[in-house]
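Q: I would like to learn how to read helix packing, ring pairs and backbone angles in a model of this kind. Could we take the features one at a time, with the general idea before the case?

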Amino acid sequence: MSLSFILFTIVCGLLAYLLHVLKKKHSYWQSLDIPCEEPHFLFGSLWGMQTKRCFWEVWEQYYNRFKGSGPFAGFYWFIRPAVFVLDPELIKNILIKDFTKFTNRGFYHNEKDDPLTGQLFLLDGAKWKNMRTKLTPTFTSGKMKFMFPIVTKVGNEFIEVLDKMVEKDGSVVEVKDLMARFTTDVIGTCAFGIECSSLKDPNAEFRVMGKKFLVELRHNRLVIAFMATFVDLARKLHLKQTPDDVEAFFMRIVRETVEYREKNNIRRNDFMDMLIDLKNKKLMKSEHGDDLTNLSLEQITAQASFFFNAGFETSSTTMGFTLYELAQNQEIQDRARKEVLEKLEKYQGELSYECMKEMSYLEQILSGKILNTCFPLQRVFKVPKEFLWSFL
């Protein structure tokens with residue numbers, strides 16, 4: 001028997017086994033008579049992702065298709081069976097009463113080889129719980145209040161840049177890009193403790209690497225599907241999600257920031273200060289008595305990058321849509337301006353945290369309660385009363 005024939009037999013056997021596994025996994029919900037969409041052989045219910053559809057279209061289309069069919073519908077996250085929850089009461093149970101059984105999101109993370117994937121949103125189980133326990137105190141209203149002056153400082157710079165743009169280019173301003181640069185500077189200074197200056201320089205290094213971090217993928221869709229489906233095997237193969245230059249950039253700026261602040265005893269009352277405190281301070285035991293070890297430099301970088309990831313696109317796009325809708329509704333715009341001017345006058349022209357908290361009408365505008373400022377992605381995220389999907 002020739003070697004080529006043996007290799008051919010082995011390859012055929014492996015292919016047959018893989019096809020069997022795919023068929024078995026893709027018939028999971030059908031075998032239980034649970035409503036579900038016929039899955040793509042490789043991408044499951046995420047077919048057309050990044051080619052024909054984006055994430056919010058996947059969620060919205062699936063929700064509209066199976067709404068009213070039952071408390072939940074079947075869903076295939078690539079090859080893995082998942083649950084697309086539709087019933088409000090079931091959602092409440094998942095998020096509150098039975099939350100301990102649904103802590104795993106099922107996303108790929110590999111902190112050892114890819115430190116930036118050690119962020120809170122991607123972790124599972126005990127790692128997620130311990131990290132959440134550490135980070136929860138950093139997001140209190142008091143801590144946010146401490147950071148407010150840093151945000152207003154960037155806001156003042158934003159006004160200066162906008163004035164120059166209007167003078168130079170007339171009345172035409174690319175709001176989407178301007179908002180993105182604003183949020184980049186806010187997150188850069190709050191989460192990473194550096195002056196990004198992307199408002200003044202659109203090609204600033206932090207702006208360029210931040211866009212690359214959010215937009216560029218290290219692998220093609222086939223590899224991404226493999227990593228999402230065979231998580232443990234992907235870790236054993238040391239596969240990474242983050243591009244090497246992006247990882248090196250964020251690790252460098254965090255390391256330099258931490259070393260500089262610790263050496264010179266500098267505090268700015270920002271998110272980075274809180275992470276440094278978690279790095280150096282002896283932490284209390286968890287509610288189960290487990291020791292919560294201090295944050296490493298890699299973990300600090302991962303949480304700072306999570307802060308950037310969560311706050312960049314969501315905030316900039318919300319503000320962009322809000323400005324657009326205000327431009328279309330002069331009466332509402334005038335009322336919002338009147339409220340802002342009245343509150344500023346009350347606080348002697350200073351935009352303080354307390355002043356901002358009293359702008360209730362402006363808050364309603366931003367939250368979409370008055371204007372249709374909720375762009376499609378927000379519409380999905382605003383449906384926790386009717387919509388949620390979670391992994392088995």
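Q: At roughly what angle do the axes of helix α12 and helix α13 cross?

A: A caution comes before the reading: this is a predicted model, in which local features need pLDDT of at least 70 and side-chain atom pairs count only at pLDDT 80 or more, while totals for chains, interfaces and linings use all residues. Residues are numbered from 1 along each chain as its sequence is written, and side-chain values use heavy atoms, with hydrogens and water left out. Helices (H or I, at least four residues) and strands (E, at least two) are DSSP runs, numbered from the N terminus; axes are lines fitted to C-alpha atoms, for helices over the stretch in contact, and angles run from 0 to 180 degrees between N-to-C directions. In this model the axes of α12 (residues 271-280) and α13 (residues 297-328) come within 10 Å and cross at roughly 155°.

Q: How is the relative direction of α12 and α13 described?

A: Angles under 35 degrees count as roughly parallel, over 145 as roughly antiparallel, 65 to 115 as roughly perpendicular and the rest as oblique. The helices α12 and α13 are therefore roughly antiparallel to each other.

Q: Which residues of α12 and α13 meet?

A: Contact means heavy atoms within 4.5 Å. On the α12 side the residues are Phe271, Met272, Leu275 and Lys279, and they meet Ile300, Gln303, Ala304 and Phe307 in α13. For classes, Ala, Val, Leu, Ile, Met, Phe, Trp, Tyr, Cys and Pro count as nonpolar, Asp, Glu, Lys and Arg as charged, and the others, Gly among them, as polar; the contact of α12 with α13 has six nonpolar, one polar and one charged residues.

Q: At roughly what angle do α11 and α13 cross?

A: The axes of α11 (residues 244-264) and α13 come within 10 Å and cross at roughly 115°, which makes α11 roughly perpendicular to α13. Phe250, Met251, Val254, Arg255 and Val258 of α11 make the contact with Leu297, Glu298, Ile300 and Thr301 of α13. By class, six nonpolar, one polar and two charged residues take part in the contact of α11 with α13.

Q: How many aromatic pairs does the structure hold?

A: Rings of Phe, Tyr and Trp (its six-membered ring) pair if their centres lie within 6.5 Å; planes under 30 degrees apart count as stacked, over 60 as edge-to-face and the rest as tilted. The structure holds 25 aromatic pairs. In one of them, phenylalanine 206 and phenylalanine 308 have ring centres 5.6 Å apart and planes at 85°, so the pair is edge-to-face. This pair links distant parts of the chain, with phenylalanine 206 in helix α8 (residues 205-215) and phenylalanine 308 in helix α13, 102 residues apart.

Q: Is phenylalanine 308 buried or exposed?

A: Buried means under 20% relative accessible area, exposed over 50%, and partly exposed in between (1.4 Å probe, protein chains only). Phenylalanine 308 is buried, with a relative accessible area of 1%, and phenylalanine 206 is buried at 3%.

Q: Where is phenylalanine 78 placed?

A: Phenylalanine 78 lies in the loop between β1 (72-77) and β2 (80-85), and its phi is near 60°, a positive value in a residue other than glycine. Phenylalanine 78 is buried, with a relative accessible area of 9%.

Q: What is the phi of glutamine 348?

A: Glutamine 348 has a positive phi of about 55° although it is not a glycine. Glutamine 348 is in the loop between α14 (330-346) and α15 (353-357), and it is exposed, with a relative accessible area of 69%.
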